[in-house]
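Biologist: I am new to this structure and would like a close look at a single part of it. Could you take one residue and walk me through its surroundings with care?

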Amino acid sequence: MNPFSYARPIAIDEAIGLFKQNSRYIAGGTNLLDLMKENVTQPEQLIDITQLPLHDIEDTAEGGLRIGALVSNADLAWDERIEQRYPLLSKAILAGASPQLRNMATTGGNLLQRTRCYYFYDAGTPCNKREPGSGCPARDGLNRIHAILGHSAHCIAVHPSDMCVALAALDATVIVKSSAGERRIPFGEFHRLPGSAPELDNTLADGELVLAIELPAEDLSAHSAYLKIRDRASYAFALVSVAAALEMDGKVIRSARVALGGVAHKPWRSTDAEALLIGKTADKAAFGELADALLAGASGFADNQFKIDMAHRAVIRALTDAAEAAVEGATA
């Protein structure tokens, strides 16, 4: 690791005021420290934000929840309000990482995980995400875990988070602050597709600090499921994951939410595809129609073509589980 300076502010505005070029905010550090050890990123200053007042989960006036950016993944997953009102989020978090990492990782930090790619983490190989313009060796190299949706000629990496897939389905909002003030970012607009600038994972401006995530008051607890398909049963990233939630009147679907993980540079969701289920009977035919629309335009590479069919079947299975009130979710 290269030398860096370290600061530990106790106020939000103090932390924002300390930010300068090539600074990084650090909390749990479960991703940032790995990137530093591998020389993928070399910050000149670390701003430790663990003393900031961002550790609470609070009810909002609208009936939702505001989750502080420093709430640990473990505390969030096991919080009684999350388990009862947003079980989809709880199950998604518990499907990711390991207990030790969930104890350290923070909610805000989870949002900021860098996309997953062998070549990105190997500083000895070219990578447009690490060094723009150097190339994307994954396109013609080992690409079994890579994207089938939203990729570009510049990058085919995938977003690694389980939590973020659930937050996308739940229509969360991210609250951030910088010296210019506070702003709210709809979750679907927080992460970016690679396009011609894969080095940018999200839409944060330089120096913006994540303060909290807000969940809306909608009740999607009765019919939800999180399905994660991976190479081993624990501590593995998703090949494909699905967060699914339904509002139902008997067997008729009133609304649907479906987000995919492990398939794109960001959690993948289509409200147009979800609208196809409104008024339909909850059955495999209707779920297959949504899966077709959600995966329209999917294309793979030499090693990951299997993900397209896998994702299609996973969407149907997750929606079937949700319709049958399988709130315990599923993993595979």
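Modeller: What follows is a look at one histidine, H159, and then at a pair of cysteines and two helices. Please keep in mind that this is a predicted model. H159 sits in the loop that runs between helix α8 (118-121) and helix α9 (163-169), and because its relative accessibility is 5%, under the 20% limit, H159 counts as buried. Its side chain makes a polar contact, at 3.4 Å, with the side chain of H191. Setting aside neighbours within four places in sequence, H159 is in contact with L111, Q113, T115, C164, H191, G262, A264, H265, K266 and P267.

As for the cysteines, the structure holds zero disulfides; C136 is in none, and the nearest cysteine sulfur to its own, that of C155, is 5.6 Å away.

Turning to the helices, α5 (residues 87-94) is mostly covered, with six of its eight residues buried, namely P87, L88, L89, S90, A92 and I93. Helix α12 (residues 306-323) has 18 residues and reaches 26 Å from its first C-alpha to its last, close to the 26 Å expected. The buried residues of α12 include K307, M310, I316 and D321, and just after this helix A325 takes a positive phi of about 60 degrees.

Definitions and conventions. Residues are numbered from 1 along each chain as its sequence is written. This is a predicted model: local features need pLDDT of at least 70, side-chain atom pairs count only at pLDDT 80 or more; totals for chains, interfaces and linings use all residues. Side-chain values use heavy atoms; hydrogens and water are left out. Helices (H or I, at least four residues) and strands (E, at least two) are DSSP runs, numbered from the N terminus. The expected span of a helix is 1.5 Å times one less than its number of residues. Buried means under 20% relative accessible area, exposed over 50%, partly exposed in between (1.4 Å probe, protein chains only). A polar contact is a pair of N or O atoms within 3.5 Å; within protein, one must be able to donate a hydrogen and the other to accept it, and residues adjacent in sequence count only if both atoms are side-chain atoms. Contact means heavy atoms within 4.5 Å. A disulfide is a pair of cysteine sulfur atoms within 2.5 Å.
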